[in-house]
Amino acid sequence: MSKFRLPDETGIFLVLLVVLGVLSILSPSFGTVHNGLTLLLNGAVIAFLALGQTFVLLTGGIDLSTGANVAMTGVLAAVLMRDGLPWLLASLLAIGAGLVLGVINGLVIHYVKVPPFIVTFSTQGVATAVPLIITGANSISVRQAGFSWIGQGRVAGIPLPVIMLLIAAVAAGWFLTRTRLGVHVYASGGNKAAARLAGVDIRVVTILAYAVSGACGGIAGLIATSRLMVGFPATGLGNELFFSIAAAVVGGVSLFGGTGTVAGAMIGAVLIASVSNGMNVLNVSSYWQSLVIGLIILLGVSFDTYRRGLSGRSLLGALTANSRQEREKEPTAV
């Protein structure tokens, strides 16, 4: 009879429950349904970025351009609507621009062999400059009322961005665990050389991961812009990148690649959003929020490194034991 095994996300989920319980005790208004929906709505942008970041981290890379992507796609959508395009078409084109940014990242990383950190740091600068250039560093008001539905709409009382996130997370989780290409994403992050020898097309996997991250950044940009109904060049250039990486890492997605789940990253995003929202409710300075999230990232990465070290030692021990057994089986020369 097989033993029951708790999901890998159990630990971070219990931490989330403890944080929610403590914050509800400290502030009764935190535990209300209204604040809960507000928390999820505010966390939708971070969660979409964390979802895209998960794909990239699983391949052993990192995407530093996600926050700038939010600003670029949001301003691009506002400019297109100002120039007369219907809001739906403008939104699709903006997401397409985010997707193209991700594809460019993947192409340069794979073919030019530049480290992901350098490539995405460079495209972060490009994506930051584009909205400033096309707007002259000015905000652009959105006049098409239908666009507000993306960030402000509700279905059965649930904010539309939350529903969009749930659909995207379920689809991403199914893709990574139930399709061959999804398994290849894990394989390429675990050991690229071995994955290549096993027939994994590293080129496709790399471009796919960064394309997904770019598209998720584009969707996050639309949500942020739709909520304000203003295309602002500085949107997404605050703690969004910082929080998206924190959400994925705290949720169990390894910075070294090959380990993690979408469910864990989404729980991590809710945890980060809860800490941020709770500190706002408690009137704690925003400076302390960065400190707390920074410590959470440090603890998450430290635990991941320690866990990897244990796994490595266990593997080394197993290999050593097998080698010793093989030597003992060999006949002794007379």
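**Exercise 1.** Determine how many residues line the largest pocket of this predicted model and which of them lie nearest its centre.

*Solution.* The lining of the largest pocket comprises 22 residues, and those nearest the centre are N42, I46, E240, F243 and S276. Turning to the elements, α2, α10, α11 (240-250), α12 (262-281) and α13 (286-329) each give two or more residues to this lining. The volume of the largest pocket is about 560 Å³. By class, its lining holds nine nonpolar, eleven polar and two charged residues.

**Exercise 2.** Classify the relative orientation of α2 and α10, and list the residues that make their contact.

*Solution.* The axes of α2 (residues 33-58) and α10 (residues 202-228) come within 7 Å and cross at roughly 170°. Angles over 145 degrees count as roughly antiparallel, and the two helices are therefore roughly antiparallel to each other. On the α2 side the contact is made by L41, N42, V45, F48, L49, L51, G52, Q53, F55 and V56, while α10 contributes A209, Y210, V212, S213, C216, G217, I219, A220, I223, A224 and R227. These residues divide into 15 nonpolar, five polar and one charged.

**Exercise 3.** Describe how α11 and α12 pack, including the handedness of their crossing.

*Solution.* The axes of α11 and α12 are 7 Å apart, at an angle of about 125°, and these helices are therefore oblique to each other. Their crossing is right-handed. In the contact, F243, A246, A247, A248 and V250 of α11 meet G264, A265, G268, A269, L271 and I272 of α12, giving nine nonpolar, two polar and no charged residues.

Conventions. Residues are numbered from 1 along each chain as its sequence is written. This is a predicted model: local features need pLDDT of at least 70, side-chain atom pairs count only at pLDDT 80 or more; totals for chains, interfaces and linings use all residues. Side-chain values use heavy atoms; hydrogens and water are left out. Axes are lines fitted to C-alpha atoms, for helices over the stretch in contact, and angles run from 0 to 180 degrees between N-to-C directions. Helices (H or I, at least four residues) and strands (E, at least two) are DSSP runs, numbered from the N terminus. Angles under 35 degrees count as roughly parallel, over 145 as roughly antiparallel, 65 to 115 as roughly perpendicular and the rest as oblique. Contact means heavy atoms within 4.5 Å. Ala, Val, Leu, Ile, Met, Phe, Trp, Tyr, Cys and Pro count as nonpolar, Asp, Glu, Lys and Arg as charged, and the others, Gly among them, as polar. On a 1 Å grid over the protein atoms alone, a cavity is a set of points where a 1.4 Å probe fits but cannot get out, and a pocket is an open set with protein on both sides within 12 Å along at least five of seven lines; lining residues have an atom within 4 Å of a point. Grid points are joined across faces, edges and corners, and a volume is the space filled by probe spheres set on the points. A crossing is left-handed if the near helix is turned anticlockwise from the far one by less than a right angle, and right-handed if clockwise.
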